[in-house]
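Reader: I would like to go through this model by question and answer. Please begin with the term on which the strand pairing rests.

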Amino acid sequence: MLPFYMVVGRTMVVGFAALLAFGLFERWPARLPRWFARWALQVLAIVLAVPLGAYLAYWLTTGGHPQLGAVSGRLQGYVELTFAGILFAPWIAVGALVRQRDTFAREQAAAFALERSELERRALDARFRLLQAQVEPHFLFNTLANVQALVEVGAPQAAKVLKSLIAYLRAAVPQLHETVTTLDQELELVRAYLELMHMRMPDRLMFEIRVDPTLLKLQCPPMTLLTLVENAVRHGIDPSEIGGTIEVEVRLTSSRCLASVTDTGVGLKVTGRGLGTGLASLRERLQLAFGAEAQLALSEVAPHGVRAEVSFPARMTQP
Amino acid sequence: MTAQRPTALIAEDEPLLRESLEQQLTLVWPELAVVTRARNGREAIEQFDAHHPDVCFLDVHMPGVTGIEAARHIGHRAHLVFVTAYDQYAVQAFAQGVLDYLVKPVDATRLAQTAARLQERLRTARSAVNTEVLLQQLAATLERQTASAPLRWIRASVGQNVTLIPVQDVDFLCAEEKYTMVAWHEAGGTLREAVIRTPLKELSAQLDATQFAQVHRSVIVNLNSIARVVRGSNETADVHLKGRTEVLPVSRSYLHLFRQM
């Protein structure tokens, strides 16, 4: 009768061989053909490792002379050990793989959830800044000062200006439930804003809006055109003694909506400093809404002025 | 000075507000003669030199030469009243000082008080409160408030066109003799490079220090673009970038930036 420790020892050698195979083929080779799953490789490796491990166990316990065929009972013992090993080891391996996969799936789910919440947070941030950015007190009070001036002298324009201001405020005051507006609404806002600014600087600001009427029902992220127009007024026309013209144009090119705002103002400063909070947050909003599919580009136009172009996928609003 | 009617200049770029202020002044201070008007700081300076009015109403924010710059030209040769839009920074700057100012829309009561103060000063032939020192301080305060924002766009010529590169898309900046090479990625992931005339040293002062780090005498890198930092021998390291093959050197004196990473 074989001593018990000998059986345990041989079994452990087989077990270690299986474990080694499992661990080795978990990492190596780094790349596998698409049709060959790693778990299959690992299980196959274990099936092959067991008889080798069993042979090694005999080799170690017999001082390097297993003599499986010569010593009676040895071959039977080897076959039994190998058989038992092949019977149990792959199942244990499969069990381990399943658990590993569960853990991996859980980790990945957690990572996805984290990423999603991060995106949601950024979207909320952008939205919050959008709401904050609307109706600057500076703009409102200056415009109201003009309205007051008109009312004081009893000018008939007062009513028209108030109408523009109301149109602007109605469109610009936070619309919490709306994340997408139509081009029509956006242009109404732009027109109201430009009319107000024209009243304030009649000798310095001219404007022109050119839009194909068939595009009016296209979707437009809120405040996209307004941000570009405000930027053109603030950084192009307002700093200029002679002022200039602002041209708003919306076109459709191969299923993309291409909107441009061109001014003939002072142009870009040497380093572009100061140009920007509005544009930076517009870029962020476009990125959150369209990913890499939206583009915002600024360029200088001759002899002086800036052209801001934004393009995004054209989508019709649901009727 | 008190023998004749006092004279005034109004400098305001918005015509309606210019006329309105003149109207309001005729009500609260009928003797005051508005002898000249200006649409910007440059005209204000010209008109002041031509007419030498006793009082100048200067809009702070005007195109080209600002009201503040015009005020510094005039100095204490006239009593100055600044007119500012509702803008918390400008209002704060005035509220702390002794200079006269009005906030648009101009309140009639406040204008009457200001007019009374000016009349008193003109009657007693007191010198203007707007001393050179105060005006210089005011200019410095307003300058500080507008200049502290970090750079957002870098202007670069690419071929025939002048493009604005959003600073957050810049991967790294590299000094090349008198020029600076800007490497950035577009929204779609396209990698671009351009050379600009602004020296690296000048740019580094304007960049947001939480986003950009100087890692070498001639290299500034966007921290968000770093894929990994590999330590080299002899107290140096290499910066590898996301989606780019360039490897940037980190010199010994900047290595501390990555010590705890």
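Author: Two strands count as a pair if DSSP finds at least two bridges between them. The model discussed here is predicted.

Reader: How many bridges join strand 8 of chain B to strand 12 of chain B?

Author: Strand 8 covers residues 170-176 and strand 12 covers residues 219-222 of chain B, and they run antiparallel. In strand 12, Val221(B) is the bridge partner of Phe172(B). The number of bridges joining these two strands is three.

Reader: Which strands are the edge strands of the open sheet in chain B?

Author: Five strands of chain B form the open sheet, in the order 10-9-8-12-11 with antiparallel pairing. An edge strand here pairs on one side only, and this holds for strand 10 (191-196) and strand 11 (212-216) of chain B.

Reader: What span should helix 5 of chain A have, at 1.5 Å a residue?

Author: Helix 5 of chain A comprises 16 residues, 157-172. The expected span is 1.5 Å times one less than the number of residues.

Reader: Why are the buried residues of helix 5 of chain A placed on the same side?

Author: The buried residues are Ala158(A), Val161(A), Ser164(A), Leu165(A), Tyr168(A) and Ala172(A). They lie on the same side of helix 5 because the arc they cover around the axis is only 125 degrees.

Reader: Which helices of chain A do the buried residues of helix 5 pack against?

Author: The face turned away from the buried side carries the exposed residues Ala159(A), Lys160(A), Lys163(A) and Arg170(A). The buried residues of helix 5 pack against helix 4 (137-152), helix 6 (183-200) and helix 7 (224-237) of chain A.

How values were computed. Residues are numbered from 1 along each chain as its sequence is written. Chains are lettered from A and ligands numbered from 1 in the order in which they are written. This is a predicted model: local features need pLDDT of at least 70, side-chain atom pairs count only at pLDDT 80 or more; totals for chains, interfaces and linings use all residues. Side-chain values use heavy atoms; hydrogens and water are left out. Helices (H or I, at least four residues) and strands (E, at least two) are DSSP runs, numbered from the N terminus. Buried means under 20% relative accessible area, exposed over 50%, partly exposed in between (1.4 Å probe, protein chains only). The arc is that of the directions from the helix axis to the C-beta atoms. Contact means heavy atoms within 4.5 Å.
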